[in-house]
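Please keep the sequence and the model in view while reading.

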Amino acid sequence: MTNKCKMLITLLALMLTAAVSAQNNEKNYYNYPYGFVGVQGGVIKNYSGLLPDRTWSPEAALSLGYFFTPEVGTRLSAAGTKWSAEVPGQEDYDSKMLDLSIDLLLNFSNILFPNRHNAVNVIGVAGMPWQLATPHTYIDNYGSTLVQNYDKWNRGWKGGGIIEFDVAKHWGINLEAGSIYMHNRQHSVENKNRWWPYAMAGLTYKFGFKKKHTEPVVVEETYVPAPVVEKKAEPVVEKKPEPVVKEEPKVEPKPSKVEENIFFVIGKSDVKADQQAKIDAVAAWAKENPNGKIEVVGYADKGTGNAAINKRISERRAQSVKTKLVYAGVDAVRISTSSKGDSVQPFANNDDNRVVVIVGESK
């Protein structure tokens with residue numbers, strides 16, 4: 001095994017070790033959206049099927065991008081390369097190329113595994129590059145030079161993929177490979193377009209993270225009974241018997257009950273503004289029924305995520321609703337919370353199961 005192979009295997013092992021270590025930590029490093037800037041280095045080749053084919057040549061790239069959501073982002077990249085080619089019967093020539101590209105980025109890891117921090121991200125790339133080369137010479141199958149000092153902007157299409165490893169809050173390491181399909185303004189005798197396969201590795205710096213929202217901590221009050229003070233016995237005073245008054249039969253209050261369903265957005269545990277009226281209705285009932293108890297049960301839909309993720313988000317939803325009730329004036333000791341995750345689906349429609357059910361009863 002050559003030294004270069006050993007170094008490559010060692011580098012991949014280190015990146016995978018860092019990725020697994022970060023994956024085991026469920027703490028989210030950052031929230032979306034965020035921006036990023038990256039630098040990359042690698043190789044590129046003009047693979048057109050024409051003779052003579054060029055060899056792999058070094059390439060460097062600089063990119064600036066932005067992820068609007070965990071799934072979708074975009075970037076503007078600029079790449080440059082230089083190579084030499086041998087022309088049969090003519091002098092060799094040097095060629096320099098500049099490639100500007102607007103790319104659409106799709107994070108398949110966040111699409112397939114939402115609502116968690118993925119330390120290894122598989123990202124698809126689809127872009128529209130503009131390519132400028134000067135001086136440049138295209139070669140046809142007969143090995144003759146057709147276009148000298150080629151310096152026209154050429155439009156094309158690009159497709160590829162990125163594997164990115166998060167190694168710290170702001171830093172990531174990436175491997176990218178793909179191909180550019182370039183349509184030339186001036187064609188050779190064969191009138192063929194050019195393929196430009198490339199492979200690069202680089203470093204990404206992420207910035208502008210959205211501050212993570214933290215819900216207020218509710219401190220439950222503990223009831224401490226007042227000390228019992230013994231009273232001195234008072235002298236017994238004989239009282240004259242009072243006239244007997246016929247008492248009217250007491251009317252026992254009827255049991256009172258309230259029930260509300262608080263619905264949530266997929267992957268979220270914050271109570272939406274349009275659900276606040278339901279919270280206020282439960283708080284009003286609690287004020288009218290001071291002896292009533294309130295039960296808060298969180299759920300998650302079975303069609304999204306997995307059992308472990310849905311259990312955690314249903315717990316956060318139940319706690320979020322309890323916090324809103326306490327803010328509305330309900331004593332925390334009157335509220336009990338529990339969560340079912342996706343093990344129980346109270347509604348037939350999958351999306352309606354992103355819900356917290358509130359039941360209040362006064363006997």
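## Salt bridges, a surface patch and a helix pair

Asp166 and Lys206 are both buried, where buried means under 20% relative accessible area, exposed means over 50%, and partly exposed lies in between (1.4 Å probe, protein chains only). The structure is a predicted model, in which local features need pLDDT of at least 70 and side-chain atom pairs count only at pLDDT 80 or more, while totals for chains, interfaces and linings use all residues. Residues are numbered from 1 along each chain as its sequence is written, and side-chain values use heavy atoms, leaving out hydrogens and water.

Side chains of opposite charge can pair when their charged atoms come close. A salt bridge is counted when a side-chain nitrogen of Lys or Arg is within 4 Å of a carboxyl oxygen of Asp or Glu. By this rule, there are eight salt bridges. The table presents three of these pairs.

| Pair | Closest N to O |
|---|---|
| Lys158 and Asp103 | 3.1 Å |
| Asp351 and Arg354 | 2.9 Å |

Strands are DSSP runs (E, at least two residues), helices are runs of H or I with at least four, and both are numbered from the N terminus.

Lys158 forms a salt bridge with Asp103. This pair links distant parts of the chain, 55 residues apart, with Lys158 in strand 8 (residues 154-166) and Asp103 in strand 4 (residues 93-107). Both Lys158 and Asp103 are buried. They also belong to a network of salt bridges that includes Arg75 and Glu176.

What is the area of the nonpolar surface patch? The patch covers about 750 Å², and Val37, Trp171 and Phe207 are among the residues that make it. Strand 10 gives the most, with three residues. Leu64, another of the patch residues, is found in strand 2 and counts as exposed because its relative accessibility is 52%.

Finally, the axes of helix 3 (residues 276-288) and helix 4 (residues 307-327) come within 9 Å and cross at roughly 60°.

Definitions and conventions. Patches are made of residues with over 30% relative accessible area and no salt bridge: like charges are joined within 9 Å, nonpolar side chains (Val, Leu, Ile, Met, Phe, Trp, Tyr) within 5 Å. Accessible areas come from the Shrake-Rupley method with a 1.4 Å probe; for residues, only the protein chains shown count as cover. Axes are lines fitted to C-alpha atoms, for helices over the stretch in contact, and angles run from 0 to 180 degrees between N-to-C directions.
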